[in-house]
Amino acid sequence: MDPQILAPETFKLLGAGLAIGLGAIGPAIGIGLAAAKAFEAMGRNPEASDNIRTNMILAFALAEALGIFAFVVSILLIFVV
Amino acid sequence: MTSNQISLGHGFTGRFTSMSQPLPQDGDHFERFPQVESGFSNGGIVDVEHLQIAANTAHGQVVSGEHGADHADSGLHVVFIPDNIGSFLGYDFSNTLLTSVIASVFLVAMAYFVGKRITSDGVPGKLQIFFEGLVGYIHDEMAKILGNDRVTTIAFPLIITLFLYILVANWIEFIPGVGSFEVKQELSGGKEKILHLLRGPNADLNMTLALAIISFVFIEFMGFRTQGLAYLKNFFNFSSPINFFVGLIELISELARLISLSFRLFGNIFAGEIIVLLAITLQAIVTTWFVGLVNIAQNPLADFFGALFPFPVPVMLFEMGVGVLQAAVFAMLTLFFVKQATTAHQH
């Protein structure tokens, strides 16, 4: 086996990839569910669309924050560690 | 086959950072790169430095121009920390800061220009109708969400400024030529470094963190202004153990906004720059496949192919959409948090 494969940098990059890759799963599911339910609600009650849309974006932001933390970990692994 | 070549037939092999050789110091931007004889016919070999020069000339934002300097041995080099292009009153002045100053000057000039032409007693022109419609629409939407006229009056200028400023800052890097200006910086030992003069401000974490701090301070200010010291009860509540821990979680999530607001904007814009860089790299690779010559930087046929199939253009269009979306998201989140802070807690 090439000894370079076991270099610390390998695991650093692997960890960065895993961090953002796995960390994006949860927010993706969360945002998908939020959007699905919001669109369903808009279809049932089009008059409330504006209200639902604004709350939907807030829900997106809260779910997305976790993905952003994964991104921060990934950035830290690549550029700082 | 020299060591600074990568095989395209089996995908990218090897590590980018260990593939290229130090570049010659003399000559101009193009002629500095060594000619490589092997082309597509010779096993699909592309010189990494030609990919780099293609990326450099088309979009100078992400690839560093530090040829011949201390980073001479890197291929595709993504710059995380913006370059210092000089100093102003003893402080370092980075290229992102310069671009953000240009964005500010543009907005101020626009406000002056539009404000001068607005009449309240004459017939309004197209410009006035457009801007009044835009500002009025945003004001009405905000008033609907906040449901409090006094808070709306205070929060409206900041939130529309955040939106317009982030929008202009995101779009300014898509003006042709913004990535093309370069400055030379003398290093110790007679070396020189080529830096880019302009770079998208929100691809710099300092910028987005500053915006997030402004937003955070404003949210807390609005909370204290409407609720007084009772606002602190949301975070430090000793009435029961459960309320205490709920308050603690509220406090942590309040502080986490600084991270999430700044990194959301930064991550989207920075990742957008990297995606544009990758599209340009793909352009170089595919051009080399079709044109069949290695030195694509000097080949007119490569220019022709690039004009026919510009891969970065749809990507840039998408990034412009991301730019307006992220500006809207930043402004709207500030608005929601202001609403949260100004609405009394129901307990």
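In the predicted model, the contact between the two chains draws 18 residues from chain B and 15 residues from chain A. The size of an interface is often given as the accessible area lost when the parts come together. For chain B and chain A the buried area is about 1,500 Å², with 77% of this area contributed by carbon and sulfur atoms. Across the interface of chain B and chain A, 2 salt bridges are found, together with 1 residue pair in polar contact, both residues being at pLDDT 80 or more. On the side of chain B that touches chain A, the elements giving two or more residues are α3 (126–146), α6 (241–291) and α8 (312–342) of chain B. The most is given by α6(B), with 9 residues. By residue class, this side of chain B comprises 12 nonpolar, 3 polar and 3 charged residues.

Side chains of opposite charge can pair when their charged atoms come close. Over all chains, the structure holds 6 salt bridges. A salt bridge between Arg264(B) and Glu64(A) has an N to O distance of 2.7 Å. This pair crosses between chains, running from helix α6 of chain B, where Arg264(B) lies, to helix α3 of chain A, which holds Glu64(A). Arg264(B) is buried, at a relative accessible area of 4%, whereas Glu64(A) is partly exposed, at 25%.

A salt bridge also joins the side chains of Lys144(B) and Asp50(A), at 3.7 Å from N to O. Both residues belong to a network of salt bridges that links Asp50(A), Arg53(A), Glu141(B) and Lys144(B). Within chain A, Arg53(A) pairs with Asp50(A), the closest N and O atoms lying 3.3 Å apart. These two residues are 3 residues apart in helix α3 (residues 49–80) of chain A, about one turn of the helix. Arg53(A) is partly exposed at 39% relative accessibility, and Asp50(A) is likewise partly exposed, at 37%. Within chain B, Glu141(B) forms a salt bridge with Lys144(B), with 3.4 Å between the closest N and O atoms. Because Glu141(B) and Lys144(B) are 3 residues apart in helix α3 of chain B, about one helical turn separates them. Glu141(B) is partly exposed, with a relative accessible area of 22%, while Lys144(B) is exposed, with 56%.

A search of the whole structure identifies 9 aromatic pairs over all chains. The ring centres of Phe224(B) and Tyr231(B) are 5.1 Å apart and the ring planes lie at 75°, so this pair is edge-to-face. Phe224(B) is partly exposed, with a relative accessible area of 33%, whereas Tyr231(B) is buried, at 2%. Phe263(B) and Phe266(B) form an edge-to-face pair, with 6.0 Å from centre to centre and 90° between the planes. Both residues lie in helix α6 of chain B, 3 residues apart, about one turn of the helix. Phe263(B) is buried, with a relative accessible area of 13%, as is Phe266(B), with 0%. One aromatic cluster is formed by Phe71(A), Phe263(B), Phe266(B) and Phe270(B).

Asn237(B) is located in the loop between α5 (205–227) and α6 of chain B. At 18% relative accessibility, Asn237(B) counts as buried. The side chains of Asn237(B) and Ser239(B) are joined by a polar contact of 2.8 Å. When residues up to four places away in sequence are not counted, Asn237(B) touches Asn243(B) and Phe244(B).

Methods: Residues numbered from 1 in each chain as written. Chains lettered and ligands numbered in written order. Predicted model: local features only at pLDDT ≥ 70, side-chain atom pairs only at ≥ 80, totals over all residues. Heavy atoms only, no water. Contact = heavy atoms within 4.5 Å. Buried area = accessible area lost by both parts, 1.4 Å probe. Salt bridge = Lys/Arg side-chain N within 4 Å of Asp/Glu carboxyl O. Polar contact = N/O pair within 3.5 Å; in protein donor to acceptor, adjacent residues only side chain to side chain. Helix = DSSP H or I, 4+ residues; strand = E, 2+ residues; numbered from the N terminus. Nonpolar A, V, L, I, M, F, W, Y, C, P; charged D, E, K, R; others polar. Phe/Tyr/Trp six-rings, centres within 6.5 Å; stacked < 30°, edge-to-face > 60°. Buried < 20%, exposed > 50% of the residue type's maximum accessible area, 1.4 Å probe, protein only.
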